[in-house]
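Thanks for coming. I will talk through one protein structure, beginning with a pocket and ending with pairs of charged side chains. Please look at the model first.

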Amino acid sequence: MVGTLSAGLQAANGDMGESAATITQDVLDAAYDMGHSFPGGVPALAQRMGVSANTLNHKLNPSNDTHHLTVRELQKAMHITGDHGPLHALCASLNHVALPISTNAGGCVDHALRELGAQVGDVYRQVDGALKDRRVTPNERKRIRREVAEAIAALNNVLQVL
């Protein structure tokens, strides 16, 4: 993963700057944590993925420069573990968020609309709280962005159940 991610950052930025190196490390650290926190650790995850435990251990090691986790392998590992930390680390590095698509409305429009109302209310509360002192801090902006993303997910859920 580091080779692929690093190459993309180099192509976009012309070189691998300090922040790009940190971004890459955050994703790699999240992948390491995902593999090592899986019940049974990396050997159990490797068995489920159908790969060598030794090789997967090398690929999940953020300090290893010779073995690289592919995007397909990372996707499979996240699917198996249910740990989306690497996805969130990657999104955060790009100033984005990733949200699950809600499927728990069970086709119920009423439930989807209630959830939408709650999410919009959360946006309002975050914005209102941030504006009390007439300035929005970077952390407040981050929380507002997260609430807006959740409201957008709730809007998409409404579309799913219609």
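By class, the lining of the largest pocket holds 6 nonpolar, 3 polar and 4 charged residues. Nonpolar here covers Ala, Val, Leu, Ile, Met, Phe, Trp, Tyr, Cys and Pro; charged covers Asp, Glu, Lys and Arg; the others, Gly among them, are polar. In total, 13 residues line this pocket, and those nearest its centre are Ala-92, His-96, Val-97, Lys-142 and Arg-146.

A word on the source. This is a predicted model, where local features need pLDDT of at least 70 and side-chain atom pairs count only at pLDDT 80 or more, while totals for chains, interfaces and linings use all residues. Residues are numbered from 1 along each chain as its sequence is written, and side-chain values use heavy atoms, with hydrogens and water left out.

Back to the pocket. Rolling a probe the size of a water molecule over the atoms shows where empty space is left. The rule works on a 1 Å grid over the protein atoms alone: a pocket is an open set of points where a 1.4 Å probe fits, with protein on both sides within 12 Å along at least five of seven lines, and lining residues have an atom within 4 Å of a point. The largest pocket contains about 360 Å³ of space; that volume is the space filled by probe spheres set on the points, which are joined across faces, edges and corners.

Which helix gives the most to the lining of the largest pocket? That is α8, with 5 residues. Both α6 (85-93) and α8 (138-161) supply at least two lining residues each.

Now the overall fold. The protein has 8 helices and 0 strands; helices (H or I, at least four residues) and strands (E, at least two) are DSSP runs, numbered from the N terminus. Of the 162 residues, 33% are buried. Buried means under 20% relative accessible area, exposed means over 50%, and partly exposed is in between, using a 1.4 Å probe and protein chains only. A contact means heavy atoms within 4.5 Å. Among contacts between residues at least 6 apart in sequence, 57% join residues at least 24 apart.

Last, the salt bridges. The term means a side-chain nitrogen of Lys or Arg within 4 Å of a carboxyl oxygen of Asp or Glu. By this rule there are 3 salt bridges.

One of them joins the side chains of Lys-59 and Glu-73, at 2.6 Å from N to O. This pair links distant parts of the chain, with Lys-59 in helix α4 (residues 53-60) and Glu-73 in helix α5 (residues 71-81), 14 residues apart. Are the two partners buried or exposed? Lys-59 counts as buried because its relative accessibility is 18%, and Glu-73 counts as buried at 17%. Leaving out residues up to four places away in sequence, Glu-73 touches Met-49, Lys-59 and His-68.

Another salt bridge joins Arg-125 and Asp-122, also described by an N to O distance of 2.6 Å. Arg-125 and Asp-122 both lie in helix α7 (residues 109-131), 3 residues apart, about one turn of the helix. Arg-125 is exposed, with a relative accessible area of 52%, whereas Asp-122 is partly exposed at 24%.

The remaining pair is Asp-128 and Lys-132, with 3.7 Å from N to O. Asp-128 is partly exposed at 34% relative accessibility, and Lys-132 is exposed at 66%.
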